[in-house]
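The note begins with a term that the later points rely on.

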Amino acid sequence: MAAARKPKRVAASQPGFLTLKSSTNPTDLYSSKRKRVNKNKKKNWNKHSDINDVEDFLEDIRHQERTTGGLLAEKPDDSLFFVDIGQPKKIEEKGKSSRPLRIDLILQHDSLVPPPKDVLAYQQPNAKKLRRSAQLAAKGVAPRRQKLLLNRRTAPRPTKNAITEANNNPNRDYYDIWGQETKDTADPWYLQQTKKKLVKRPEKLNAKPSVLPAVEVIAPGGSYNPDFFAHQSLLQEAHEIEVVKQKEEHKIERQLAYNKDDAATETIFQEQVQGLVEGEDDDEVWASEGDEGDEEQEEEDGAVGAIAVAQKKTERQRKRERAEKVKEQQRLAEKQEVEKKQQLFQLRTIKTSIKKEDQKTKERQTKRKAKQEAQKAQPRRLGRLKFQPQDMEVQLSDELADSLRRLKPEGSVLKDRFKSLQKRNLIEPRERAKFKRRHKVKYVEKRAFREIS
């Protein structure tokens, strides 16, 4: 065998020899050194092991199973060979032939391998528990739940001798058997104390939180092929909204603006050494501040002395003050009496003023009700955030498409529904939660990558 293989190796070692496999490099065939590989490691098993013959054998088995439904070696001869007796005679039948259509043959399953067994189709919920119950029932032992039901003693219900009313009595109570509410025949006090009386549903719960419709129809100018004037009116409305936003931005800029000429001009060095160097000017400032402090102290001492020197009021002075106080009260009372008498001659003027006040009150009530009705169509403040309306979906004149295929979609259906729920006071306005990483990201190099690098 070794002598037969030697000429092949010599021919393969020649530079001009061409191999059948294009993937092999001819220079590798006449290399003197053979690559040594350590096969003790698992990572070298698949890389340096030749398993092509095993793969070809398994692929042949799979091909036989797909085409014939099993191995050809295990098939009987009758299924592999047949006797050719020629083309059978066609039997002419009236009507359509029994041959299937071509479309039915295409849809048929061409693989002869049976489909795998569906395990989930044979599973049954609580199968183990039901099997155990069936075993106990076969032995004559009842399950625990059935025992509890049999041992439960049902108390006999007291039968009342109900007095049936005559059908021709016009004063009998009307009872609707199809009604939703149950008829309470017991004492209301008894039902309330035993907490069997249903709580009355407040009328406020029946009212909707907003009068706005669930789906708002866009203006005619926002349709696929809008009218010119309708589209221009929608553009004007969008322009006014943008002007209001721009005015608010300019207002904030004006409030935050400042004059650069009023800024401080001292250098950083002068600000840092301020108060560190003491001079004559500082001494004069301290002296002047000390003199002013002494003068203020003297003035306070004089004021305290004046308060202390104040004399005490005599009894005669106090009686005079009380008499003057009583005279002032009497004078005010007489003045009020005179004013009341004068009002008798001013009845017409008072009636006119009362009518005017009533008219103003009615006008204010009407305005308040109109304001309340208008607020029903506006979103309320349900949380700390204020509702921000969605941007108007409008296309410019040069963006209008001439066909449905070129129509450019505007907005998002999900965002529109989310804003509609906020506008109808069903959910509070929200903002996207900001993700803040708690721990720093730690980068770890994997072992496989570390071996390559």
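1. A pocket, as the word is used here, is an open set of grid points with protein on both sides within 12 Å along at least five of seven lines, and its lining residues are those with an atom within 4 Å of a point. The model discussed below is a predicted one, and the points that follow should be read with that in mind.

2. Confidence deserves attention before any detail. The chain has a mean pLDDT of 79, and 74% of its residues reach 70 or more. Helix α1, residues 2–12, has the lowest confidence, at a mean of 45, whereas helix α9, residues 228–256, has the highest, at 94. The pLDDT is below 50 over residues 1–23, and this stretch makes 7 contacts in the model beyond near neighbours in sequence. Where pLDDT is low, the predicted coordinates should not be read in detail.

3. As to the overall make-up, the secondary structure of the chain consists of 15 helices and 0 strands. Of the 453 residues in the chain, 5% count as buried. Among the contacts with a separation of 6 or more, 58% are between residues 24 or more positions apart.

4. The largest pocket has a volume of about 1,700 Å³. Its lining is made up of 50 residues, and those that lie nearest the centre of the pocket are E216, Q390, D391, M392 and E393. The elements that give two or more residues to this lining are α9 and α14, the latter covering residues 413–423. Helix α9 gives the most, with 9 residues, and α9 is also the helix in which confidence is highest. By class, the lining of the largest pocket counts 22 nonpolar, 11 polar and 17 charged residues.

5. The loop between α14 and α15 (447–452) holds N425. Phi of N425 is near 60 degrees, which is a positive value in a residue other than glycine. The relative accessibility of N425 is 8%, so this residue counts as buried.

6. Is N126 buried or exposed? With a relative accessible area of 55%, N126 is exposed, because the cut-off for that class is over 50%.

7. The geometry of helix α6 (residues 127–139) can be checked by its length. Just after α6, G140 takes a positive phi of about 90 degrees.

8. The corresponding check can be made on helix α3 (residues 52–68), where 17 residues at 1.5 Å each should span 24 Å; the end C-alpha atoms are 24 Å apart, which agrees. Just after α3, G69 takes a positive phi of about 85 degrees.

9. Q64 belongs to helix α3 and, leaving aside neighbours within four places in sequence, is in contact with G69, G70, L71 and L72. The residue with positive phi just after α3, G69, is therefore one of the contacts of Q64, as a contact means heavy atoms within 4.5 Å. Q64 has a relative accessible area of 15% and is buried, because this value falls under 20%.

Technical notes
Residues numbered from 1 in each chain as written. Predicted model: local features only at pLDDT ≥ 70, side-chain atom pairs only at ≥ 80, totals over all residues. Heavy atoms only, no water. pLDDT = per-residue confidence, 0-100. Helix = DSSP H or I, 4+ residues; strand = E, 2+ residues; numbered from the N terminus. 1 Å grid on protein atoms, 1.4 Å probe; cavity = no way out; pocket = protein on both sides within 12 Å on 5 of 7 lines; lining within 4 Å. Points joined across faces, edges and corners; volume = space filled by probe spheres on them. Nonpolar A, V, L, I, M, F, W, Y, C, P; charged D, E, K, R; others polar. Expected span 1.5 Å × (residues − 1). Buried < 20%, exposed > 50% of the residue type's maximum accessible area, 1.4 Å probe, protein only.
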